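Please read this briefing alongside the sequence and the model. It covers the contact between two chains and then one residue.

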Amino acid sequence: MTLQHFVDEATSPWMRDEGPDNDIVLSCRIRLARNFANVSFPLAAEEDELEKIMQFFQQEYTHQSFQDFQDLEFVPIEELTPTEKRVLVEKHLISPHLAKYTKAAAAVISKNEQVSVMINEEDHIRIQLYFPGLQLDKALNKAFEFDDWLEEKVNYAFDESRGYLTSCPTNVGTGMRASVMMHLPSLVLTRQINRMIPAINQLGLVVRGIYGEGSEAIGNIFQISNQITLGKSEEDIVEDLQSVVKQLIEQERKARTRLMEQSGMRLEDRVYRSYGVLKYSRIIESKEAANCLSNVRLGIDLGMIEHVPRSILNELIILTQPGFLQQYAKKNLTANERDVLRASLIRERLKLENE
Amino acid sequence: MECQECHKRPATLHFTQVVNGKKMEVHVCEVCAKEKGYMTYPEDSFSFQNLLTSLFNVESSPLGNNGNSNSVFTPAEDIQCEQCGMTFSEFKRIGKFGCASCYHTFSDRLDPIFRRVHSGNTKHHGKIPKRQGGDLHAKRQLEEYKLKLKELIDQEAFEEAANVRDQIKALETKMRGDDK
Ligand SMILES: [Zn+2]
Ligand SMILES: [Zn+2]
């Protein structure tokens, strides 16, 4: 089954590459929403029209490759098991929204998982490109090239004054959502983040925690993205986002230095306690695991912990989600069984790195 | 700051909502944001649907800048998209368009909505499709030349201005040629 490699490994191949500022920026993403001209949006379209779009992608793009992004694979949502869907969602390759569709929905994913195209989600086409670290400019350029490549064969719904026409008025214009995933443990620890978020919102950007079921960001990971898509060029949107992200990086670095100076021993204690929990616990809930992983990752960034790769946070946060755990166990698990398996996977992974 | 809905958890999402021309701050936690429909999925879909729906229903403010500012829509005046059958009131209720034609059908009533959602913006200034947008690329180029020409004349750089004027003429001739 061609899908297998997408669901077997927690880290996408591109995540293993180094990127600029990747002590704080885990990844960045550009998403472009596009629609076929002369076909109603998925919400209002007939099923056979949506089927035609699916078939078009299957015929035109399966096993094609775009530049260095490797083979594109066509993945019909209907053919996925619930666990497989969940894993693709946990890897951010498809949205939870698309995973709910049973008919006429698909994803086209490049083998290195850097590009994924969702078909018949809220819009006919949603192109997503991921890059490690802070590389928004590069991501935007590549997204444009990929978009042009698709447009050679597709007539997009485009209007001179409104731009790319989308199902939701919040996406019209550029159809672009640029976002950056950041690890900000020191800004959370010093509570500076609480007054920064409203300021960032004022600039037309949205800050969210990832996988946040409750009010706080799990694992101190935040996603910052643009809210406005109309009236500004993609380059300007990306530049605005980038300048805010750079300020956050600077503030996080300052907070790390200050914490080290003022309460280095306490910070070290926190890091090593978390390391101990991850290394020795037998039962661990996802939230505790994420917080400990965040502390260990901070310990790696500050040079306290060696021999554990930086990618451990990205990898284990994804790997210890329910979908992945079940994929790994090859069966459905109760919450308690998941907590046990999670602990054992983390122990195994950390020991592996020590050898 | 605590969440204004549950008064328990800290507010992590902050919006400005404009109601009757008055700005209102909304501070909610993620749980309440999801429950109240400010946000539906954990990944990507910061859905503004409910927020939007509430924005659309503010009809006391003048709609559009085309002079009919006192129009109040009644069901009788509801308009319907010929392509997909969506009515304007349906669009306001669900906060989504049915097809590209909806944008043209509802065009007169969309500016105020876009203005609220996109910080006052109503016109696209970004990418143009490469293959389809041939004429548009030229149009945008023409706009840029004209701005440049004005600048040069203001600076009294007449020689350069003459060059730009020639470029404009050449482009305009080419565009007329393309139309045939
Ligand atoms: Zn609340
Ligand atoms: Zn329509």
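Predicted model: local features only at pLDDT ≥ 70, side-chain atom pairs only at ≥ 80, totals over all residues.

Residues are numbered from 1 along each chain as its sequence is written, chains are lettered from A and ligands numbered from 1 in the order in which they are written, and side-chain values use heavy atoms, with hydrogens and water left out.

**Extent of the interface**

- Chain B places 52 residues in contact with 63 residues of chain A (contact: heavy atoms within 4.5 Å).
- About 4900 Å² is buried between the two chains, and carbon and sulfur atoms give 54% of that area (accessible area, 1.4 Å probe, lost on putting two parts together and summed over both).

**Salt bridges**

- Five salt bridges are counted between chain B and chain A (a side-chain nitrogen of Lys or Arg within 4 Å of a carboxyl oxygen of Asp or Glu).
- Asp148(A) and Lys127(B) form a salt bridge through their side chains, at 2.7 Å from N to O.

**Ser294(A)**

- Ser294(A) lies in helix H9 of chain A, residues 286–301 (helices are DSSP runs of H or I, at least four residues, numbered from the N terminus).
- Ser294(A) counts as buried because its relative accessibility is 0% (buried: under 20% relative accessible area, 1.4 Å probe, protein chains only).
- Leaving aside neighbours within four places in sequence, Ser294(A) contacts His183(A), Pro185(A), Gly219(A), Asn220(A) and Leu313(A).

Notes
Helix = DSSP H or I, 4+ residues; strand = E, 2+ residues; numbered from the N terminus. Buried < 20%, exposed > 50% of the residue type's maximum accessible area, 1.4 Å probe, protein only.
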